[in-house]
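Visitor: I am new to this structure. Could you show me how to read a few of its features?

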Amino acid sequence: MNPTREITLRVNGNTVRAVCETRITLLDFLRDQAGLTGTHAGCEHGVCGACTVQLDGESVRSCLLFAAQVSTGEITTVEGLAPAGSLTDLQRAFRRHHALQCGFCTPGMLMTADALLRESPNPDEAAVRAALSGNLCRCTGYQPIIEAVLDCAESRAEATLRADQRHAPTTSGGAA
Amino acid sequence: MKPAPLDILAPTSVAHALSLLVEHGDQARLIAGGQSLMPILAMRLAAPAILIDLNGIGALRGIHAQADGSVIIGALSRHRDLERSDLVAERLPLIAAAMPWVAHVQIRNRGTIGGSLAHADPAAELPALCLALGATLELHSPRGARHVAAADFFQGVFATERADDEMITAVHLPAASPGQRWAFIELARRHGDFALCGIALTADCSPIGQVLGARIVVFGVSDCAQRLPQLEAAIVGTTPTPTSIDQAMPALDQVEARSDHHASSEYRLELLATLARRALRQAFGFDERIAP
């Protein structure tokens, strides 16, 4: 007996429907049924973090979920971060800081860091390290990744500040 | 590293889940967050034909304040629910402090309280927290409901008092005494990995700081989280000072620790002595608490 079923998921704003074995993980569904191979299969038992995606905006390990369990949620993969051919500011920060070499861990790093910055826009270095502790990288030694995430947070804070200053009333006399 | 063929059933009520559990017997396993069960399935350490997925039972998720100051946490509440809860921060600061130490954020986003307690990993934080807080677990089966003290629930490595036809539905956490002292501390080689040794403690004190009662719990060193009665006895009745805490440490001499590929028994006992001292110093205000 090998039960199968039709599974319908919302992935990156699209509906993906496929008949597959019930035992299929979200990871394998994304890669094999949805064709979204940006989500990487590493250890397949919840240790390495390479398969991290977002479920309703929160980072989760796609190897530790069955596809059949998440039909009510919105799934975001690395392909869903930016429109095809473009990069988000976080991805550009990774490139600027050489935060990847082989790239295997990068999708998981990005999905974890993206969720972190949404929840805490101004994390300190310790918070970034703690947030990324579940994502293994064997190339970079982590430091460039930490720096990329902090740099991205800083750039966003500066952009927000500039926008606030542009819209601030000019009659108040500044520092008061 | 793929689970064996299986089917997934998704009940929407506790009664339905329990009837499925009875109907399918040892062919079935309950799955909540799945953050411990999925690796077991992937490594084929278990190959149940049926998983009863509890995630659709919305009534099991939630953190509820009670008028008497106690808190009831639904079994399907996720670790992150506790981590973010103002109610937990206010009434259960020990749990709030411990949550960031539980696994990695991706695991906490999905893993549930009931699932962690039912799994009963020797190095998991939640069993220790329940012992330190004097928690009671609520279990339901077709035979009815019962409440089991955490002290009676954990029986060994992955072994609990839960019967095959039962499921954990909630955890009851009693109100803390005024001025209750607490501390949580653990050590793992990588942040978020299973602890080699950890301490969770609460101490009830008189207005002048004398310890009236204490629950000092160690986890990660033996088959399951356990209280340290000799150390508790050495602290109760005293008004702790750094010196008196140091003098209580020989009470740890009777503890036995396991050896495995992560750490030797000797190393774990060294850690235990160090972490117990630090936890007591933090609880009584002689050291800063350590952020995860």
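**A hairpin and a domain interface**

Guide: Strand 3 of chain A and strand 4 of chain A form a hairpin, with two residues between them. In the turn, Asp56(A) has a positive phi of about 50°. Keep in mind that this is a predicted model.

Visitor: How many bridges join strand 3 of chain A to strand 4 of chain A?

Guide: Four, and the two strands run antiparallel. Strand 3 covers residues 52-55 and strand 4 covers residues 58-61. Leu55(A) has Glu58(A) in strand 4 as its bridge partner.

Visitor: How do side chains sit along a strand?

Guide: In a regular strand they alternate between the two faces of the sheet.

Visitor: Now chain B. Into which domains is chain B divided?

Guide: Domain 1 spans 7-52, domain 2 spans 61-173 and domain 3 spans 181-283. Take domain 1 and domain 2 of chain B: their C-alpha centres lie 19 Å apart.

Visitor: How many residues of these two domains of chain B are in contact?

Guide: 11 residues of domain 1 contact 17 residues of domain 2. Together the two domains bury about 980 Å², with 79% of it on carbon and sulfur atoms. On the domain 1 side, Leu18(B), Ala32(B) and Gln35(B) supply 44% of the buried area, more than any other three residues.

Technical notes. Residues are numbered from 1 along each chain as its sequence is written. Chains are lettered from A and ligands numbered from 1 in the order in which they are written. This is a predicted model: local features need pLDDT of at least 70, side-chain atom pairs count only at pLDDT 80 or more; totals for chains, interfaces and linings use all residues. Side-chain values use heavy atoms; hydrogens and water are left out. Domain bounds come from an automatic or database domain assignment. Contact means heavy atoms within 4.5 Å. Buried area is the accessible area (1.4 Å probe) that two parts lose on being put together, summed over both. Two strands pair if DSSP finds at least two bridges between them.
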